[in-house]
Amino acid sequence: MASRIIVGSIGQFHDQWFPHPHQIQKWWFAAKAAKFRSRFEQLSATFLPVLREIVEDSQHPDDDMKCLQGAVMLDQMGRNCRALGEVDDGFVAQCDRIALAWIEEGDVIR
């Protein structure tokens, strides 16, 4: 079972990444754009430590929806942090591996 801190962070990320769940955000595809750099630096400062904790101990959340939300966080933030130069391709690959495992273990895909 994932820690409460990780599960809480997944919820926080989801709220920040999807502020308007039915709208595409202009900044989703702009981690390298100077216009949105401060947003991505803030997201990284908040969530990169959580990603590092997940990579060290990839226990998935007990809740299926949190597994799906966590997989999105791992996928998106791994790539965003790489775009900022804060992690390498190996770290992103670990995030991808864990995200897929969380989807399978969380029984998200039936």
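Predicted model: local features only at pLDDT ≥ 70, side-chain atom pairs only at ≥ 80, totals over all residues.
Residues are numbered from 1 along each chain as its sequence is written, and side-chain values use heavy atoms, with hydrogens and water left out.

Helix α1 spans residues 4–17; helices here are DSSP runs (H or I, at least four residues), numbered from the N terminus. Its 14 residues reach 20 Å from the first C-alpha to the last, close to the 20 Å expected at 1.5 Å a residue, where the expected span is 1.5 Å times one less than the number of residues. The buried residues of α1 are Ile6, Ser9, Ile10, Gly11, Phe13 and Trp17. Buried denotes under 20% relative accessible area, exposed over 50%, and partly exposed the range in between, computed with a 1.4 Å probe on protein chains only. These buried residues of α1 pack against α2 (37–56), α3 and α4, contact being defined as heavy atoms within 4.5 Å.

Helices α3 (residues 64–83) and α4 pack with their axes 8 Å apart and at an angle of about 170 degrees. Axes are lines fitted to C-alpha atoms, for helices over the stretch in contact, and angles between N-to-C directions run from 0 to 180 degrees. Helix α3 is therefore roughly antiparallel to α4, a label given to angles over 145 degrees. On the α3 side the contact is made by Cys67, Gly70, Ala71, Leu74, Asp75, Gly78, Arg79 and Arg82; α4 contributes Asp89, Val92, Cys95, Asp96, Ile98, Ala99, Trp102 and Ile103. The residues of this contact divide into 9 nonpolar, 2 polar and 5 charged. In this grouping Ala, Val, Leu, Ile, Met, Phe, Trp, Tyr, Cys and Pro count as nonpolar, Asp, Glu, Lys and Arg as charged, and the others, Gly among them, as polar.

The structure holds 4 salt bridges, each defined by a side-chain nitrogen of Lys or Arg within 4 Å of a carboxyl oxygen of Asp or Glu. One of them joins the side chains of Asp96 and Arg79 at 2.8 Å, N to O. Asp96 lies in α4 and Arg79 in α3, so the pair ties together parts that are 17 residues apart in sequence. Asp96 is partly exposed at 24% relative accessibility, as is Arg79 at 32%. Asp75, Arg79 and Asp96 are linked in a network of salt bridges. Arg82 and Asp89 also meet through their side chains in a salt bridge (3.1 Å, N to O); Arg82 is partly exposed at 32%, whereas Asp89 is exposed at 52%.

In helix α2, Arg37 and Glu41 are 4 residues apart and so separated by about one helical turn. Their salt bridge has its closest N and O atoms 3.1 Å apart. Arg37 has a relative accessible area of 31% and is partly exposed; Glu41, at 38%, is also partly exposed. Apart from its neighbours within four places in sequence, Ser44 is in contact with Pro49, Met77, Cys81, Leu84 and Glu86.

Gln94 is found in α4, residues 89–105, and is partly exposed, with a relative accessible area of 32%. Gln94 and Ile10 are 84 residues apart in sequence and 17 Å apart in space, C-alpha to C-alpha.

Key: Helix = DSSP H or I, 4+ residues; strand = E, 2+ residues; numbered from the N terminus. Parallel < 35°, antiparallel > 145°, perpendicular 65-115°, else oblique.
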